[in-house]
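My notes follow in the order I checked them.

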Amino acid sequence: MWRSRSLLFISAIFTVGVLHAQADELPSDKTADFQFFESNIRPVLVKHCYECHSAQTEASESGLRLDTRSTIRAGGDRGPAVVPGSPEKSLLLSAVMHLDPDLKMPPQKPKLPDSVIADLRKWISLGAPDPRDDVTAESAVARKAGQDFWAYQPPKKPQVPRVDGDVWSRQDIDDFILKTLKNRGLVPSSDTDLPTLLRRIHFDLTGLPPTPKQIDQFTHRVETAGVDNALAAEVDELLASPQFGERWGRHWLDVARFAESSGKDANISFPDAWRYRDYVIDCLNDNVSYDRFLTEQLAGDLLPYDSPHERARLLIATGFLAVGTKNLDAMNPLQFLADIVDEQIDTVTRALLGSSVACARCHDHKFDAFSMQDYYALAGIFASTKTYFGTAVSPANRVGGDPLPLPVEAGHAVYHPSIKPEQVQRLKAEMAKLRQEEKDGRAAVLKAIKAGEDASEIFTLRDALRIFWRTGAIEGQLEKVDADGKALPLTMGVLDRENIFDVPVLKRGEISQPGEVVPRAFPKVFGLHPARPLPENASGRLELAQWLTDPRHPLTSRVMVNRIWKHVFGEGLVRTVDDFGSTGQRSSHPELLDYLAVRFVENGWSIKTMIRELVLSRTYRQVSTWREDAFQSDPDNQLLWRMSKRRLEAEAIRDAMLAVSGELDLSRPEASLVGRVIGDRPISIIGLDKRLPADLDGSLHRSVYLPVIRDRLPDVLDLFDFASSSFVTGARENTNVPTQALYLMNSPFVQDRAAALAKRVRHEAGENQQAIVRTIFRRCFGRLPRADEEAHALTFLSAASSSTEVAETREDVLTSFCQAVLCTAEFRNLD
């Protein structure tokens, strides 16, 4: 049966034209790879290698320099240190692994941690992406040049250009696009057909295909009110739908590196991360202004509130600073704190400013105008902030984090159990006993040592670890309940520490080499200074949020409108959406970018208003058809002479399958699989965790609610280029690999959706084969089949169902046809 079913399915694929032209493929985006280098590789090289192998030494050991891309690849006396794509041929990896007794790096020091070696191996396997060039100019020069850099100048609203005889434009946006095209001797493409445009709008705004009912409603509006009015009404309905927030909330969660586990080696789950996810979705649906949205995420705990519910919402918002990766195996608590601060600085500056100040942790930024003083001025703000991430100490991790309690009066759901009051008392008593045992043990050891006696068996390492693990587990239990044992609502987030402090500059970023203390402040290059000094009794996060959302800030509004533009048109006006620095690309339409940035602020920082303006433009209506004349002049379509074809994201592909099959559950699920099933316990990353279902794709809810466990994603997310949850990701990669086709052919999830679609269309169209084919096309593609498509489909359905060579029922035949449709390029791409 399996063999015949597979042959039938393959036949169906050819029948519906799965081998039609694919969407335009762009080169792989290297931004994430460079970010991996900056966060995981460069700090290691600076800390452990530069002392002997960089330009700062008079003569590099063995003729090897590791401080530029060219020199690390050229190598030294022994040969290339790094061979991109070949870890086994790279001497650097061999040296840090201590494979050769005569070549151990760092010399006369312990071997680097396994996690660091794994990062080096991964980096080399990726092709050793390295943004460093051979320029050795002083950073002061870079800072001076940075003062005049385009992205660091406040945006100014330009005059909207007008083109004589223009009858094409619908929005001011179109005037900018048309003027640029005309200057290059080009013209826009014609409008796409209405079914294609409707499908484009629905997926861009909600991530779901239009239903036949919505198609009919739109068609009627066009006939009665005209295209412009019909489009405006359709867009307004979609912006007001709950599905809008789920679609655009997911875009922000990419930027916020949202995930539900710590990652790294321990990979402990974050059982309350889902509250931040839901907060983001609600904010997008409620059209919370972007300046308020940022302020709540950076400093919600410091804002006034008028009810327990609002207080809880603001605390949850600060989860933005808490959901990043954490090395819970860290041996040194000061190093752990420094790494959390570094991750928060990197996230805030890259997400909101399109610039990574974190690159100045170990040295002044080599390319952008950020100094180490800028970095450690920000570090004082985040070091004065306590991060609550809610993982208990266990044998799997050395570092724990407190959860952040929410006001009980807010009525938030709780998914961990209460315990009896007497159990609370027993745990407290056990805790006191263990701490007394530890205190007595240490005293006995000191007494024995002073007396010159053997102390090795008095209080052993095993005793210390036993007490450490057990007290950690008890603290984890008690933090979740009140004094009577009643379970408390918890979240991830931040609060100001009791003691506010500035931090010293760390030489090479090493906590063991502190220098001068730097007062808390903001990067100086923008020339935008706070109205008053940062308060001595507060971290400065609220002031940082106010500084970032100052309308005069040169980057905050520019970066966000560019992110919005990217999700509407497929590429940003600045294509390196996370890098507005000197190593990023320049804007293809600098005046348009400034116009939009100023308009964004003028319109109350409204994300919905900006999106509406973009999707109602004539530029957005263009066909995606290739034109040779325009291609020769602008092969990358930077001037927008057409709409670029785009593959749908993993979530939209999966949600579309559920939608057309009639199985999609549009309600919001309770909490998260991680919070309900796992709790704050370790997650096996090798597939042996029995608490997790074998199929993480199995939920019928929208994909934004699927579990996002670092290193353990649902198959559909993993295969179709889900955002890396370890870094800010403004632009996902877009690959086309065989495993995606194998998933579509063999996944039980896809096969089940095909069976449900077959059952649905059989119910709607009855036995009429022509009606069945048309219903499938209308549901899946938003259009009726062409004559040749309909003829081929009817031939397949008729021939296969009457064949005596394969023992398939009519439903099996129809299911195979439906699966083939779900696998088509047209289904998973937007024209």
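**Disulfides.** I searched the model, which is a predicted one, for cysteine pairs and got a count of 0 disulfides. To count, two cysteine sulfur atoms must lie within 2.5 Å.

I then looked up how far the sulfur of cysteine 359 is from the closest cysteine sulfur. That closest sulfur belongs to cysteine 362, and the separation is 9.6 Å, so the two are too far apart for a bond. I repeated the search from cysteine 362, and its closest cysteine sulfur is that of cysteine 359, again at 9.6 Å and too far for a bond.

Are these cysteines buried or exposed? I noted cysteine 359 as buried, at a relative accessible area of 13%. Cysteine 362 is buried as well, at 12%. Both values fall under the 20% cut-off for buried.

**Backbone angles.** Next I went to phi. Most residues other than glycine have a negative phi, so I wrote down residues that depart from this.

Arginine 257 is not a glycine, yet I found its phi to be positive, about 45°. I placed arginine 257 in the loop that runs between helix 11 (242-255) and helix 12 (274-285).

I located arginine 508 in the loop between strand 5 (503-506) and strand 6 (514-518). With a relative accessibility of 17%, arginine 508 goes down as buried.

Technical notes: Residues numbered from 1 in each chain as written. Predicted model: local features only at pLDDT ≥ 70, side-chain atom pairs only at ≥ 80, totals over all residues. Heavy atoms only, no water. Buried < 20%, exposed > 50% of the residue type's maximum accessible area, 1.4 Å probe, protein only. Helix = DSSP H or I, 4+ residues; strand = E, 2+ residues; numbered from the N terminus.
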